[in-house]
Amino acid sequence: MAGKAKPKKHTAKELQAKAAAALTNKGGGAAGLVDRKGGAAGHAKFKCPVCGMAAPSEKSGIAHWDSKHPKLTFDFAQWTDQHAVHGGTTQGVAVRGAAKDKSVAELQKTAAGREELARREREKKMVQY
Ligand SMILES: [Zn+2]
């Protein structure tokens, strides 16, 4: 037998799955869903002052204006910047990143945290008996 068949602790597949789970903007409940939809601002940045149609850029705004409102004078200053009004679009609230687990002291500060602590206590007791 050649080589040292050292058992692997992590496979590349496991590590990739872990990284993807931490960095993908998914989950997060209702707040995560709203955020992925761009929050209050939505994804498109600009809003037509005449009909309210969303446009992602000035260029697409001009194209929209030429086809829908050709008789009116184009003034880009009148267009609303939705991202500025609502404080930006998607923030990535559901991205976990390298967030560490909360300490016991941190958990005791919130009702959800205290519930989590109680659940851990019950789990410990289950293991003992
Ligand atoms: Zn329009």
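Is His 64 buried or exposed? At 8% relative accessibility, His 64 counts as buried, where buried means under 20% relative accessible area, exposed over 50% and partly exposed in between, with a 1.4 Å probe and protein chains only. The legends below describe a predicted model, in which local features need pLDDT of at least 70 and side-chain atom pairs count only at pLDDT 80 or more, while totals for chains, interfaces and linings use all residues. Residues are numbered from 1 along each chain as its sequence is written, and side-chain values use heavy atoms, with hydrogens and water left out.

**View 1. The zinc site.** The zinc ion is coordinated by Cys 48 (SG), Cys 51 (SG), His 64 (NE2) and His 69 (NE2), at 2.0 to 2.3 Å; donors are N, O and S atoms within 2.8 Å of the metal (3.2 Å for Na, K and Ca), and sites may look incomplete because water is not among the atoms. The angles among the four donor atoms are 103 to 117 degrees, and the site is tetrahedral, a label given to four donors if all angles lie between 85 and 135 degrees. Ideal angles for four tetrahedral donors are 109.5 degrees.

View 2. The donor residues of the zinc ion follow the spacing C-x2-C-x12-H-x4-H in sequence. Cys 51 lies in the loop between strand 1 and strand 2, and His 64 in helix 3 (residues 58–68), 13 residues apart, and this pair links distant parts of the chain. Helices (H or I, at least four residues) and strands (E, at least two) are DSSP runs, numbered from the N terminus. Cys 51 is partly exposed, with a relative accessible area of 44%.

View 3. Three strands form an open sheet in the order 2-1-3, with antiparallel pairing. Strand 2 (54–55) and strand 3 (80–81) stand at the edges with a single partner strand each, so one side of each is left without a neighbour in the sheet. Strand 1 (residues 46–47) is joined to strand 2 by two bridges; strands pair if DSSP finds at least two bridges between them. Phe 46 has Ala 55 in strand 2 as its bridge partner.

**View 4. The two domains.** Domain 1 (28–86) and domain 2 (102–129) divide the chain, with bounds from an automatic or database domain assignment. Their C-alpha centres lie 46 Å apart. Six helices and three strands occur in the chain.

How values were computed. Four donors count as tetrahedral if all angles lie between 85 and 135 degrees; four count as square planar and six as octahedral if opposite donors are over 155 degrees apart and all others between 65 and 115; anything else is irregular.
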